[in-house]
Amino acid sequence: MDKNNKTMPTTTQSTINTPQAVSHTQESATREIVLQIYRFDGRNSRYSLVKVTAAPNDSLLDIFHKVKATTLPDFAYRYSCRHGICGSCAIRIDNIPVLACKARLRDYLRPGTTHLRIDPLAPQQVLRDLICDESSYRKSIETIIKPYIINFLGKNLCPPAATPPTKQPHRQIEQSIYAAASLQEILPDPDLLKNTEGCINCGICYYTCPAVVEGEFPGPAAAAKLFRFTVDSRDNCYSERLKLADQLLWNCVKCMKCVELCPRGLKPYYRIQDLLNSAYSNRLNEHSSDLSHAKGVEESIFLTGQLNDIYVGARTSIFTFIKMLPTGIKSVLKGNYNFFAIYKVKNKRSIRRLLKRGSKNEQ
Amino acid sequence: MDFDLIIIGAGLAGCCAGITAAQNNLRTAVISKVHPLRSHSVAAQGGINIPIDEQDIELHIRETLASGSGIADADAVSFIVKNAQQSVEFLQKCGSLLQIEQSGELARRNFGGQKVARTCYYKDRTGLSLLNTAYEQALRAGVQFFDECEVFDIQLKSAENNLHTIKTWKKDKGKILNFTSEFLLIANGGYAGIYPRNSNCLGNIGNIQSILFQKGIPLIDLEFVQFHPTGLTRSGILLSEAARGEGGYLLNSQGRRFMTDYDERAELAPRDIVARAIFTEIEQGRGVDSGDGRKTAVHLDLRHISRDKILEKLPEIYDLVLNFTGKDLSQELIEVAPTAHYSMGGLPVNANGQVLGPSLTPVDGLFAAGEAACMSLHGANRLGGNSLLETIVGGFLAGSSICLSKKKADLTTPLLPSLTLDRFLAEAEKTRPEGNGIFSQKENCNLTLPQLTTILTQFPAQEFAQIAPNFSFIIEEIKQSLANGAGIFRDQSRLADSASKLERINASINQIFSQLEERATAKASTDTTSRQSTDSLLAQPYLPAAQELLDLRCHLILSQLIIESADARKESRAAHQRSDFPTTDTNFQAHSLIYLEGSKLMIKYTGVNNGQE
Ligand SMILES: Cc1cc2nc3c(=O)[nH]c(=O)nc-3n(C[C@H](O)[C@H](O)[C@H](O)COP(=O)(O)OP(=O)(O)OC[C@H]3O[C@@H](n4cnc5c(N)ncnc54)[C@H](O)[C@@H]3O)c2cc1C
Ligand code: SF4
Ligand code: SF4
Ligand code: FES
């Protein structure tokens with residue numbers, strides 16, 4: 001794709017007349033707006049400037065149809081259900097990712113302006129105009145997290161269940177009773193799913209998450225999906241899934257974009273925290289240095305109200321501590337680390353309170 | 001690419017069939033023009049009918065037959081109803097979330113046309129939950145999915161070639177992908193999307209039905225299109241029947257609950273009755289302003305239901321209304337009007353889900369399921385909540401039949417879910433009852449559009465943009481003619497008007513296509529270097545012009561077939577209402593079968609299996 005052309009948009013101009021006479025109430029409400037629409041024909045990219053009359057209650061998708069019917073017959077955009085349930089139509093309005101079929105003009109036109117810029121959701125992967133290649137998003141879910149219930153039904157029987165982890169949110173069902181089990185016995189409490197089953201795979205969170213790296217951090221939607229299967233009593237791979245969460249999800253930078261932008265109100269960030277908390281508490285009885293380090297940080301703050309490097313170091317691993325000792329002594333001698341500059345924390349009680357509150361699940 | 005089984009369509013029907021086939025080690029591929037989770041099934045809100053207990057099976061069958069108004073086949077109905085519980089339970093054990101009551105029973109809500117609450121649901125995202133599960137389990141079972149891959153041509157098995165060939169446009173790559181397979185299952189959904197105001201997804205326009213029709217495969221009961229009574233006026237987007245199931249009223253311009261004048265079940269009468277009642281209210285001047293100054297709507301009233309209940313039971317509908325009209329459902333009246341919603345007709349199949357040819361014998365290796373097929377569960381009118389059931393049971397059935405025909409003998413692993421197939425399979429060979437002898441034919445119908453494939457695969461895209469007309473306007477025109485002729489009420493003169501208009505369009509399109517084809521072949525023969533034109537229409541990713549050509553075909557074909565079928569049926573029956581033949585005629589208690597014989601368009605009728613042995 002030619003990204004250089006992006007700054008030099010050529011312009012297609014035209015005026016659109018309202019096709020039919022409209023009633024008075026509507027007439028006062030409709031207005032002429034200018035859309036600056038990203039176009040890509042397989043070789044060159046540019047912006048088309050289009051004038052169109054629209055009512056405040058029109059969806060962007062309605063407006064696209066109008067533009068296509070009257071001005072840009074070769075304008076390409078994805079949509080299908082037209083009511084926010086299939087996740088096909090994600091685009092950006094003035095760089096805010098939205099579902100075109102749900103976004104109303106009234107909510108995006110700033111007072112006093114008549115201009116909106118329309119861009120594809122994933123500018124790096126455009127196939128044509130507003131249509132993007134979503135394969136990286138699909139891969140993040142379909143090839144990485146085993147997005148299906150794995151249990152005793154079907155030919156690919158699940159691996160023998162590992163020792164049940166300590167804090168499993170549901171009880172595991174024995175193979176022998178599964179096939180005959182009544183629905184009540186096996187169904188998860190829907191509240192446990194925290195709406196994660198409602199994801200429509202629009203890709204908005206994936207393409208705006210700053211932490212996504214293909215092959216490393218699979219992004220918010222994949223994480224939410226993973227969460228969905230860890231709380232489902234019909235799934236038999238709880239511990240494997242937590243391990244996967246532990247491997248994949250620490251790179252989230254907690255920017256909360258996914259919470260803010262998800263059109264289905266899914267809050268993937270909190271589900272990542274849930275998963276990591278579960279993974280963390282499942283490993284509490286393991287001996288690993290990163291875990292001891294994390295515990296050390298927590299204890300240090302609890303005891304002293306601040307990060308005490310010596311304490312954390314010693315707590316992490318005594319070998320590492322001894323290994324690092326010469327470096328530590330050198331930095332003290334050079335004055336990079338000053339014992340006496342550590343001041344006493346006065347209000348330890350409230351810091352402890354904060355710590356306790358924070359460690360209770362966030363949402 | 002070669003597979004044992006190719007499934008066209010990744011909705012509930014396609015995915016369910018895929019689960020069964022792949023679990024039995026058939027090399028299975030599912031082709032879909034959108035990502036599977038964007039199939040239309042995802043949009044089903046209201047729910048799925050499952051008989052409450054053994055006793056209810058009888059009533060469920062009876063109510064389905066009653067709604068079918070004489071042309072639902074009793075054997076199909078009882079097969080589907082009897083297999084409902086175990087089919088759905090299978091999905092329910094591996095991921096779907098139909099709600100359960102404290103007692104452990106599935107929670108159920110009221111749906112139109114049914115005296116008892118039988119419709120199971122997950123909030124109002126029933127389709128989303130079921131489709132996710134079916135897709136997930138198909139992935140798990142090892143089905144290969146090819147999405148954004150639109151089928152544009154099919155060569156069925158023949159004496160020379162013992163495999164089906166399926167040609168597809170891989171839209172995101174701008175490539176042509178060809179598949180071959182021993183078995184082909186059609187699960188591409190319905191065709192109600194060819195109406196101008198409809199509740200369907202973009203892709204529900206009956207592509208495969210039209211392609212197969214062109215190859216001589218018949219279509220059955222096309223004239224029966226269900227109009228859903230409550231679409232939002234502007235877009236046709238659906239407000240699920242759940243809104244009335246939970247107690248919503250319909251009011252006319254006088255603020256009166258008019259449904260009680262038409263049917264004792266009032267708002268919960270079957271859909272066709274409600275849709276016609278609304279239409280009649282509007283015709284007689286008791287409509288309310290639909291937002292464009294014309295009085296073409298009625299009001300849906302849920303104000304008497306508590307906000308909490310609405311938010312708990314109908315969250316999706318609440319959001320939908322708020323978002324699309326800016327109104328608060330629990331406080332304000334909503335304007336609604338009928339919208340084209342479901343196609344009862346489709347590819348005729350026998351008891352195994354195998355497609356039947358014009359002489360009603362099964363076509364080798366060709367199966368159909370879901371809304372694309374007509375198992376004749378719905379007859380002349382579908383009961384709300386029965387179609388999701390049909391997609392699931394029909395999908396599993398087709399998958400099982402294909403496994404059984406592939407392996408001939410018994411299977412090593414039991415089919416999952418294990419349907420009670422035995423009796424059914426044995427009866428499949430039984431021929432259908434005789435029809436009424438009514439027969440019609442029309443000479444010289446140029447419905448095959450043989451030029452299309454050449455244009456798509458050889459015409460240079462650059463040049464096409466310069467010379468081809470804007471086909472989207474023609475599609476719009478076709479949609480309008482269809483709605484004028486075969487809307488909620490039909491009559492001779494409207495049908496004839498539309499028919500002649502569509503014929504004119506058909507003739508001019510044939511002409512345009514022939515010119516385009518000529519140019520394409522002339523071009524191809526001059527520059528021999530680029531015979532495999534890399535600049536052809538289908539070699540471009542997501543080219544709108546190519547899409548329009550493909551959409552044009554099914555609009556053109558199906559709308560003419562619907563008009564012809566509606567014209568031939570000179571009676572009124574459930575979803576098919578003729579103002580010039582207002583009564584039901586027992587001579588027409590039969591399925592209409594429309595097919596091509598050379599250039600002749602044939603319509604004949606075949607009898608209904610009404611359960612009497
Ligand atoms: C708004 C709405 C609400 C509904 N609510 C209910 C309800 O509450 N209860 C109920 O029982 N029923 C309901 N229905 C009906 C029900 O949803 C459908 O009948 C059912 O989903 C059809 O499923 P299917 O598997 O047959 O096909 P679909 O789900 O329609 O899938 C069709 C598939 O075929 C593919 N396809 C189509 N053409 C091609 C092509 N040329 N090449 C490749 N692939 C192709 C598509 O990509 C798609 O994957 C509702 C319908 C609508 C419109
Ligand atoms: S909070 Fe985490 S997952 Fe969500 S967008 Fe930010 S980095 Fe990505
Ligand atoms: S989590 Fe939300 S934003 Fe992300 S894909 Fe799903 S619906 Fe879209
Ligand atoms: S078109 Fe389906 S979500 Fe917008």
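Author: Below we take confidence, a sheet and a domain interface in turn. This is a predicted model, where local features need pLDDT of at least 70 and side-chain atom pairs count only at pLDDT 80 or more, while totals for chains, interfaces and linings use all residues. Residues are numbered from 1 along each chain as its sequence is written, chains are lettered from A and ligands numbered from 1 in the order in which they are written, and side-chain values use heavy atoms, with hydrogens and water left out.

Reader: How do you know what confidence chain A has?

Author: From pLDDT, the predictor's confidence in each residue, from 0 to 100. Chain A averages 82, and 80% of its residues score at least 70. Over residues 1-28 of chain A, though, the pLDDT is below 50.

Reader: What makes E22 and E23 of chain B a pair?

Author: Strands are DSSP runs (E, at least two residues), numbered from the N terminus, and two of them pair if DSSP finds at least two bridges between them. E22(B) and E23(B) have seven bridges, antiparallel, so they count as paired.

Reader: Why are E10 and E19 of chain B called edge strands?

Author: The open sheet runs E10-E22-E23-E19 in chain B, and E10 and E19 each pair on one side only.

Reader: How do you know how much area domains 1 and 2 of chain B bury?

Author: Buried area is the accessible area (1.4 Å probe) that two parts lose on being put together, summed over both. Here that comes to about 1,300 Å², 42% of it on carbon and sulfur atoms. Gln45(B), Asp124(B) and Arg197(B) supply 47% of domain 1's share, more than any other three residues.

Terms used:
Contact = heavy atoms within 4.5 Å. Helix = DSSP H or I, 4+ residues; strand = E, 2+ residues; numbered from the N terminus.
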